[in-house]
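Hi there,

I'm passing a structure over to you, with some notes on what turned up in it. Please have a look at it first and then read on.

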Amino acid sequence: MQGISENSLGWVIRYRTSELLKGWWQPGILLAALIFSIPVLTIASFLLQPSGDVWQHLVDTVLTDYLINSALLTLGVGLGTLSIGVTCAWLTSLCQFPGKKLFIWALLLPLAMPAYIIAYTYTGMFDFAGPVQTLIRDWTGWGYGDYYFPEVRSLGGAIVMLSLVLYPYVYLLARAAFLEQSVCVIEVSRTLGCNAWSSFYRVALPLARPAIVAGLSLALMETLADYGTVSYFGLGVFTTGIFRTWFGLGDSAAAAKLAAILLLFVFTLIVIERWSRNRAQYHHTTNRYRQLPQFQLTGFRALIAFVACLLPLLFGFLLPASQLGLWALDTYTVMVDASFIRLTLNTILLGLSTAVLAVLLALFFAYGKRVLASKLVFASVRVVATGYAVPGTIIAVGVIIPLAWFDNTLDAYMRDQFEISTGLLLSGTLFAVMFAYLVRFLAVSIQSVESGLAKIRLSMDEAARSMGYKPAETLFRIHLPLMKGSVLTALLIVFVDVMKELPATLILRPFNFNTLAVRAFELASDERLADSSTAALMIVAVGLLPVILLSKSIASSRAGS
Amino acid sequence: MTSQLDIENLDVSYGDNQVLRQVSFSLQPGNIGCILGPSGCGKTTVLRAIAGFEPVLGGRILINQVEVSSSIFCIAPEKRDIGMIFQDFALFPHLSVADNIGFGLKTWNVRQQQTRVRELLAITGMLAYGQAYPHQLSGGQQQRVALARAMAPRPGLLLMDEPFSGMDIDLRKQLAREVRNILKQEKLTAILVTHDQHEAFAIADNICVMDEGRIQQQDSGYNLYHQPANRFVANFIGQGVIIPATVESSHSVRTELGCIQGKLPIDSETGTAVDVLIRPDDVIHDDNSSETAIVIDKSFLGADFLYYLRMDSGIEVLCLAPSHHNHKINERIGIRLDVDHLVIFDRI
């Protein structure tokens, strides 16, 4: 009896602790979700607020332009990414031609290239004073105005730039969808009289459509979020409009209202993406997989396939990366100085600390979901994970408004009560920058941590418990070794995303605080393209790391195996 | 003999949904028990309550005479001296087969651990795979590793949750026999949860049939088939039909197919309308019989045909006949009853 009463006391204590844990965990998650939703909620609230004079002025003058340009840009990038992405995905998943193995992963390389960097590079190469036009003039003896050359810094140019670096989203999801299709379905279509091409159009493509649409929505979210390219090209779209209204006209309410309209478009894309992803799951009609049949391409057809895959790789990565390399070789001796090193350290420190925070929060959310298994928690995590779709510009404006309000209110109160001025406590600090990063990139870390956690089935926890391991020992012996990989991946991806991020950093950074991305953007904006190359090249080089990870993982995994 | 597992009046609920009601049974040391029932009947919940993964609303659970669960009391799973095999095996993907098997032996010294792991690899026929990782194994091999891992610490009670569910039929039968032999060799007390009666018959000494959170009958496979306690068990175990009858005397009933004599006295009074269970092997095909029925369907089972017959009254029965009696559909054939166990249910 003695044993039992001791045990029961122990049980009561354990029970209490676990209740206590749940008692703060769930409210903690809800509170965190609320805090990270503040920027988006702030912006959304401007949809309902009355408009001022500046807004009326915007409506009368530039709003139509913003709408038309954004629509054209989205449409163009949509068509561009679709045609490149689906073609390459089809060729590398179901056809056999020389170089295919290489293209499968190399086609992902443009993901490492931020759009604004490719934009400077091509401008430098194809501008009037750039090497290409100079060469043409040298050969032909023509002068200025004697010949036609497409203008890189135009809407069309922006469409090409963004398509070249964003097609991998479509490629990645479309290829996965083609590979996941059961070979039976394709073979059935062959027995029913479809040849190779009609089985593509009538079976494979419709089956892959939800995945393709999901990939397309991701590419379009990035398009709407882009600031660097459109700003550098001087295009009037929503993101540049928000900047101009805020810093040019000095009207934060009108800027927020523009942001709110952009947010509407983004949410439409989120809805489309989620809906497509759900539909994609229903398309698995069977779980039987075999090595997919390959269409063997030879001769002229093989050459066309080869060129079709080479072009996006060449123009999306190889050419701009080489140009950056050449420029950097010329300029790095001048550019790499004490301030450049300080800037690099800034970037690394900012990236690392954000990544660590993002992963800790992701663990907090993901384990919360697993332990609490409550609908409220699921919904909260889902809300937090929408941040990835929201453009950095919107988040920055959505961060700055509530922070300024908080600072001013506190300042007024302290002055009123104690005659102390607290000044700006949070606005214009690294806190604001990191908070904005977390809003945008928490989704990335949560996704990575959750996918790692999903591999540890609940039955594994229970198996360890049934073999005499306490919960803490289970965490240490089972979870730690199994979670290591996905936690490191999450750290890496957030780090790289922070490093590449431009608009939010531009708006929120403390005075005189620079990152590599900001520095590259500033130099390029001052027409010092060659000088910007060292910073740009570093961003691209670090950006390659997650792309390599990604290509390794898609090379080793296939549904059903 | 004192029992190894006692479950007394167990109630468990998920929120407002009571999934177990007054479940009681016991298991003797060295015996293999089985909880058999359709999906959603609560059988897995019983197992999880025994393991300590589900809290108990009422009643109690004793393992080896020690109370481990009651409404106010719950010993942690790791202190219950149990081993468990999960439906998905739950092998640890980062550990080799040998390390998986040795996982539960943390309190043993290294030499003992090595000996025990080797012993289990040998028993399960996995000696060549000690250094392999779970993803390199086939389903049947993973199942063996899961069994070895759960048995390694010599638990007082081994729990198996649908351990053969992911396998094809031939492998199931073979593994079920293997597992039974291994458990008997190790003298383990074990309890299996399944929805497959053949699996239950192959492995268990004692079977509890469950439905809707209640135990319907606890008995041997033979008795469950021949003396089902109620209509659910009669329908769930084996094939057969329930046809109307009238009580004729204290030991016999009259049906359309004639009089059936029982060995045990009938509770109901003479003249009462009742139902009787007729198994396919109770209906004998006999060309000389005066009773006839029309073949409406048949299925070939190899040595036997299973005939679906309709009698003149419209009542349908099943008949198992040797397969050299090959009759066509719509043919009229002679049948007679040869019932070994008379099973009577009150008319509802």
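In α18(A), the residues A:M460, A:D461, A:A464 and A:R465 meet A:T474, A:R477 and A:I478 of α19(A). Here two residues are in contact if their C-beta atoms, placed from the backbone, lie within 7 Å. Helices (H or I, at least four residues) and strands (E, at least two) are DSSP runs, numbered from the N terminus. By class, this contact of α18(A) with α19(A) has three nonpolar, one polar and three charged residues. Ala, Val, Leu, Ile, Met, Phe, Trp, Tyr, Cys and Pro count as nonpolar, Asp, Glu, Lys and Arg as charged, and the others, Gly among them, as polar.

Before going further, a word on the source: this is a predicted model, in which local features need pLDDT of at least 70, side-chain atom pairs count only at pLDDT 80 or more, and totals for chains, interfaces and linings use all residues. Residues are numbered from 1 along each chain as its sequence is written, while chains are lettered from A and ligands numbered from 1 in the order in which they are written.

The model scores ipTM 0.78 and pTM 0.79. For chain B the mean pLDDT (the predictor's confidence in each residue, from 0 to 100) is 89, and 100% of the residues of chain B reach 70 or more.

Back to the helices. The axes of α18 (residues 458–466) and α19 (residues 471–500) of chain A come within 10 Å and cross at roughly 130°. Axes are lines fitted to C-alpha atoms, for helices over the stretch in contact, and angles run from 0 to 180 degrees between N-to-C directions. That makes α18(A) oblique to α19(A); angles under 35 degrees count as roughly parallel, over 145 as roughly antiparallel, 65 to 115 as roughly perpendicular and the rest as oblique.

A second pair is α3 (residues 63–94) and α7 (residues 155–180) of chain A, whose axes come within 5 Å and cross at roughly 40°. The angle makes α3(A) oblique to α7(A). Their contact has 22 nonpolar, eight polar and one charged residues.

In total, chain A has 22 helices and two strands. Its C-alpha trace spans about 105 × 80 × 50 Å along the principal axes.

Where the chains touch, chain B gives 21 residues and chain A gives 18 residues. On the chain B side, β6 (73–74) and β7 (82–85) are the elements that give two or more residues, and β7(B) gives the most, with three residues.

Best wishes
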